[in-house]
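The sequence and the structure are shown first.

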Amino acid sequence: MQIPQVPWDQVRAAPVVLVSGPESFLADRAIQAVRSEMREMSSELEVHDVDAAAYTSGELMTIASPSLFAEPRLIRVSGVEKASDAFLEDAKRYVAETAEDTTLVLRHASGQRGKALLDLVRSGTGNGIEVVCAEVKKDADRLAFVQAEFRRLGAQATPGAMRMLLAAYSGGLGELAGACAQLVTNTGSRITEDEVERATEGRVETNGFKVADAATAGKAADALVLLRQALSTGVDPIPILVAINMKVRAMARVYGARGASGQLAKELGMAPWQVERAQRELRGWTEEDLARCVDAGAETEWLLKGGSRDPEYALERYLLRVARRGRDR
């Protein structure tokens with residue numbers, strides 16, 4: 001049989017918990033949730049941390065052996081993708097015959113190392129579960145994460161506020177989660193665009209959406225002024241490019257689609273407000289215009305990441321192309 005796969009925020013204690021995938025923030029959250037659940041069930045919980053790469057033979061069996069007072073145990077193993085041969089052999093034997101009142105958490109980020117162990121766990125041996133923590137890259141997935149964070153914190157944010165927050169914090173999920181928590185702490189349970197703008201105080205990426213709005217509306221002069229204002233204050237070009245590309249890609253996804261915004265949102269992996277906004281912004285655009293801009297965006301990303309000695313000029317040129325519907329002149 002195949003073991004159940006559960007979302008990171010619905011993880012539960014089990015004899016074996018395999019936490020797989022490269023998204024370390026979600027993996028840490030899942031592992032912490034297992035510990036919290038077990039600690040609630042017993043204040044006598046013993047927690048042991050094992051580095052699979054530095055593991056020596058017999059260590060796992062020693063930790064899992066019955067104790068005098070039979071306290072429940074949580075064994076957290078990190079770096080299974082870099083595990084020593086000794087760990088892999090001991091772990092396979094342990095999974096075949098797990099200890100009572102013990103949860104073994106295996107953290108495997110990526111790669112083929114340890115595949116035999118993972119296959120054994122996934123086959124059902126050990127009565128385990130798997131938490132897949134895939135890397136969160138897509139705009140829609142990052143938006144869903146922000147929505148979930150605000151729900152978890154007992155707060156609500158307007159669509160525009162979440163959009164601005166995503167633009168202002170384009171790094172890892174940890175930074176994004178911290179920004180959500182700080183906003184709720186500072187402003188309360190209802191978050192609007194004004195609160196986000198005040199909290200970010202002109203972070204480059206937030207201004208990037210103002211640049212993108214002007215460019216996609218065909219206001220080349222306004223967009224160029226906004227861009228140069230941002231760059232003159234030391235803003236990195238990459239977040240501004242991200243903001244422009246997000247708008248262009250959203251418009252390209254929506255182009256030609258028919259149906260209610262809610263239905264299209266599900267089909268396209270977007271939020272309904274994103275669909276409605278993109279539909280409004282598509283006026284005057286053709287499919288060829290969008291294709292040219294998507295191609296130009298990919299080229300500009302390469303230029304900004306080392307392909308050009310003058311990334312600011314490359315970004316200006318792309319901005320003007322978007323404002324002119326993908327045309328150089």
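A residue counts as buried when its relative accessible area is under 20%. In this predicted model, 47% of the 329 residues of the protein chain are buried. The accessible surface of the protein chain comes to about 16500 Å², and 49% of that area belongs to carbon and sulfur atoms. Along the principal axes, the C-alpha atoms fill a box of roughly 75 × 45 × 40 Å.

The protein chain has 15 helices and 8 strands. Among contacts in the protein chain with a separation of 6 or more, 78% are between residues 24 or more positions apart.

An open sheet is formed by 6 strands, in the order 1-6-2-5-4-3, with parallel pairing. At its edges are strand 1 (5-6) and strand 3 (46-51), each of which pairs on one side only. Strand 2 (residues 16-20) runs parallel to strand 5 (residues 102-108), and 5 bridges join the two. Within this pairing, valine 16 has leucine 104 in strand 5 as its bridge partner.

Helix 1 (residues 24-41) packs on the sheet. Helix 1 touches strand 2, strand 3, strand 4 (73-78), strand 5 and strand 6 (129-132). The direction of helix 1 makes about 175 degrees with that of strand 5.

**Aromatic pairs**

How many aromatic pairs does a search of the whole structure find? The search finds 2. A pair of aromatic rings is described by the distance of the centres and the angle of the planes. The values are tabulated here.

| Pair | Distance of centres | Angle of planes | Type |
|---|---|---|---|
| phenylalanine 25 and phenylalanine 145 | 6.0 Å | 80 degrees | edge-to-face |
| tyrosine 55 and phenylalanine 87 | 5.2 Å | 80 degrees | edge-to-face |

Why is the pair of phenylalanine 25 and phenylalanine 145 edge-to-face? Planes over 60 degrees apart count as edge-to-face, and the planes of phenylalanine 25 and phenylalanine 145 are at 80 degrees, so the pair has that type. This pair links distant parts of the chain: phenylalanine 25 is in helix 1 and phenylalanine 145 is in helix 5 (residues 139-152), 120 residues apart. Phenylalanine 145 has a relative accessible area of 6% and is therefore buried.

The planes of tyrosine 55 and phenylalanine 87 are likewise at 80 degrees, so this pair is edge-to-face. Tyrosine 55 lies in the loop between strand 3 and helix 2 (59-64), while phenylalanine 87 belongs to helix 3 (residues 85-96). The two residues are 32 residues apart, and their pair links distant parts of the chain. Both tyrosine 55 and phenylalanine 87 are buried.

Conventions: Residues numbered from 1 in each chain as written. Predicted model: local features only at pLDDT ≥ 70, side-chain atom pairs only at ≥ 80, totals over all residues. Heavy atoms only, no water. Pairing = 2+ DSSP bridges. Helix = DSSP H or I, 4+ residues; strand = E, 2+ residues; numbered from the N terminus. Contact = heavy atoms within 4.5 Å. Axes fitted to C-alpha atoms, helices over the stretch in contact; angles between N-to-C directions. Phe/Tyr/Trp six-rings, centres within 6.5 Å; stacked < 30°, edge-to-face > 60°. Buried < 20%, exposed > 50% of the residue type's maximum accessible area, 1.4 Å probe, protein only. Areas by Shrake-Rupley, 256 points an atom, 1.4 Å probe, with all protein chains shown as cover.
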